[in-house]
Amino acid sequence: MEPSEALFDEDFIKKLEYLNLVSKQMVPGHLHGEHRSKKKTSSGIEFSDYREYVSGEDTKNVDWRTFLRLEKLLLRIFEEEADLPIYIFIDSSESMNCGDPVKFDQARKIAAAMCYVGLLNQDRVNLIGFNDGAENQLSARRGKSQIWNTFQFLETMRTKGSTSMERAFKGFFSSQRRRGLVVVISDFLDPSGFERSFDMLRHYRQDLFAVHLYDPDERNPILPDEVLLRDAELGDLERVKVTPALMDAYIHAFDTHVAALEDYCKKNGWGFISSSTENPFEDLILQVFRQGRFLT
């Protein structure tokens, strides 16, 4: 993919500032890492509860006063605040290099908006471009000072190759990663489907927000009676006779695919949005915030 015009100009930054303000209104008090979740630990900053001592455990948190009264060994449990890691996967396969606006450009703008809000709110943001693997990565960043580094990373990304989410997730999460929020921005045109890769995220106990992007012509293509089709990722050519029945079957398959994505996410308590590239990216981001998945 050839470099496009600057994605992150002054007008774009103004939109991000607006979105950040709106996000704070949607989630009152969402400041300084309030994505955090409480986790129980044997050492921490705030007492939470007791549990019975198990033979062989460290005795440093045994409540000896309680033992003297009840003759029972009880451990004190504390709560510790943990930042939520955010892993943003941007599909950089060749199928994303189509549409007006280009799907890939829209995906990078969505990623930039999420990074902007996440970094301002002190979350640890990871960016991963993927095709048939985790192609390039920007490791965890935190804080306002990292915004321009993330923009530069997104600006230099290019599309190439085919799609394999399973290989990308396996390569990334096979290294020890903390549980967090996985955002996948993609057209989900993966020859192997999405089920095995999503199953992998469940195995690693990650949360997911899936953003499905498509060009309007992908759902309702206007084609002549006979056309030579080229696979955007593999380059294969096939001559096809276009009939009304074939078009109806194609649209049904497209809608079924999107419905399956949504059903899988809902079944697992995950977030999902499907959007045409015709829709302004800021409207899509507001939909993300309203679902309460990205801001919690």
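Analyst: A quick word on labels before we start: helices (H or I, at least four residues) and strands (E, at least two) are DSSP runs, numbered from the N terminus. The model itself is predicted.

User: Thanks! Which elements each supply at least two residues of the lining of the largest pocket?

Analyst: There are strand E8 (207-214), helix H7 (216-219), strand E9 (226-230), strand E10 (237-241) and helix H8 (244-267). H8 gives the largest share, with seven residues. The pocket has a volume of about 1,000 Å³, and among its 32 lining residues the closest to the centre are Leu 189, Leu 229, Arg 230, Asp 231 and Tyr 250.

User: How do the residues of that lining divide into nonpolar, polar and charged?

Analyst: The lining of the largest pocket holds 19 nonpolar, four polar and nine charged residues.

User: What makes Tyr 87 and Phe 173 an edge-to-face pair?

Analyst: Two values settle it. Ring centres have to lie within 6.5 Å to count as a pair, and planes over 60 degrees apart count as edge-to-face. The rings of Tyr 87 and Phe 173 have centres 5.6 Å apart and planes at 85°, so the pair is edge-to-face. This pair also links distant parts of the chain: Tyr 87 belongs to strand E4 (residues 85-91) and Phe 173 to helix H5 (residues 165-173), 86 residues apart.

User: Why is Tyr 87 called buried?

Analyst: Buried means under 20% relative accessible area. Tyr 87 has 3%, so Tyr 87 is buried. Phe 173, at 3% relative accessibility, therefore counts as buried too.

User: And what makes Phe 172 and Phe 173 a pair of the edge-to-face kind?

Analyst: Their ring centres are 5.0 Å apart and their planes stand at 90°, so this pair is edge-to-face. Phe 172 and Phe 173 are both buried. The structure as a whole holds 21 aromatic pairs.

User: How do you know that Arg 177 lies over the face of Phe 172?

Analyst: One part of the test is that CZ of Arg be within 6 Å of the ring centre, and Arg 177 is at 3.7 Å from the ring centre of Phe 172. In another such case, the charged end of Lys 267 sits over the ring of Tyr 264, 5.2 Å from its centre.

User: How do you know that strand E5 and strand E6 pair?

Analyst: A pair needs at least two bridges found by DSSP. E5 (residues 124-130) and E6 (residues 134-141) share five bridges, in the antiparallel sense. In one of these, Gly 129 has Asn 136 of E6 as its bridge partner. The two strands form a hairpin with three residues between them.

User: Why is Gln 122 called partly exposed, and why is Arg 205 called exposed?

Analyst: Exposed means over 50%, and partly exposed lies between that and the 20% limit for buried. Gln 122 has a relative accessible area of 21%, so Gln 122 is partly exposed. Arg 205 has 54%, so Arg 205 is exposed. Gln 122 is in the loop between H3 and E5, with a positive phi near 70°. Arg 205 is in the loop between helix H6 (195-203) and E8, with a positive phi near 60°.

User: What kind of peptide bond joins Asp 100 and Pro 101?

Analyst: A cis one, with omega about 5°. Pro 101 lies in the loop between E4 and helix H3 (103-120).

Notes: Residues numbered from 1 in each chain as written. Predicted model: local features only at pLDDT ≥ 70, side-chain atom pairs only at ≥ 80, totals over all residues. Heavy atoms only, no water. 1 Å grid on protein atoms, 1.4 Å probe; cavity = no way out; pocket = protein on both sides within 12 Å on 5 of 7 lines; lining within 4 Å. Points joined across faces, edges and corners; volume = space filled by probe spheres on them. Nonpolar A, V, L, I, M, F, W, Y, C, P; charged D, E, K, R; others polar. Phe/Tyr/Trp six-rings, centres within 6.5 Å; stacked < 30°, edge-to-face > 60°. Buried < 20%, exposed > 50% of the residue type's maximum accessible area, 1.4 Å probe, protein only. Lys NZ or Arg CZ within 6 Å of the ring centre and 35° of its normal.
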